[in-house]
Amino acid sequence: MGSITVKKTVNYPTDIAWSLISDYANIYKFHPMLTNSFINHGSAACGIGAERTCQMPAGMNLVEQVIDWQEGESYTVRITSTNMPIKTAQATIGVRAINTDKSLLHFKINYQVKFGILGKIMDILMMRWMFRIMISMLLNSLAKAIARTSIAANPI
């Protein structure tokens, strides 16, 4: 099973970051790999059990369900369905205060690829570095969204 963790420090308080992270249906607004995301019919908007669909270019999709929700801090999702070469995966996204004006964004994914030994080779040669790049892009994009939100909330 693969495991990747990426962290990024931002010079903003946690409440601004959490307001974006916790908008569960709308992760596509700051996730650069998503073209759309939405809450699935009959699902709660957030919290344990909430389920969303994330759409990516080229017809790649995944359905995620929240399995842990720590209000103001993080949530963890389990991928329940995907056409990506992933057998199982769970990911945590969150924010932690460093001080009153600085926060640590973090994202961790644990995953298992499909296709047995071929999948393991594919993971070593390609998927690990792709996940690391994608997660770094996600946190960089989130940091930019936090900055825009902060400026909009506190105009000079």
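## Basis

The model is predicted: local features need pLDDT of at least 70, side-chain atom pairs count only at pLDDT 80 or more, and totals for chains, interfaces and linings use all residues. Residues are numbered from 1 along each chain as its sequence is written, and side-chain values use heavy atoms, with hydrogens and water left out.

## Positive phi at non-glycine residues

Ala58 is not a glycine, yet its phi is positive, about 60 degrees. The residue sits in the loop between strand S3 (51-55) and strand S4 (61-70). Helices (H or I, at least four residues) and strands (E, at least two) are DSSP runs, numbered from the N terminus. Ala58 is exposed, because its relative accessibility is 80%. Exposed means over 50% relative accessible area, buried under 20%, and partly exposed in between (1.4 Å probe, protein chains only).

Phe115 is another non-glycine residue with positive phi, about 75 degrees. Its loop runs between strand S7 (102-113) and helix H2 (116-153). Relative accessibility is 54%, so Phe115 counts as exposed.

## Cysteines and disulfides

How many disulfides does the rule give? The count is 0. A disulfide is a pair of cysteine sulfur atoms within 2.5 Å. For Cys46, the closest cysteine sulfur is in Cys54, 15 Å away, and therefore too far for a bond. Seen from Cys54, the closest cysteine sulfur is that of Cys46, again at 15 Å.

The surroundings of the two can be given as well. Cys46 is partly exposed, at 38% relative accessible area. Cys54 is buried, with 2% relative accessibility.
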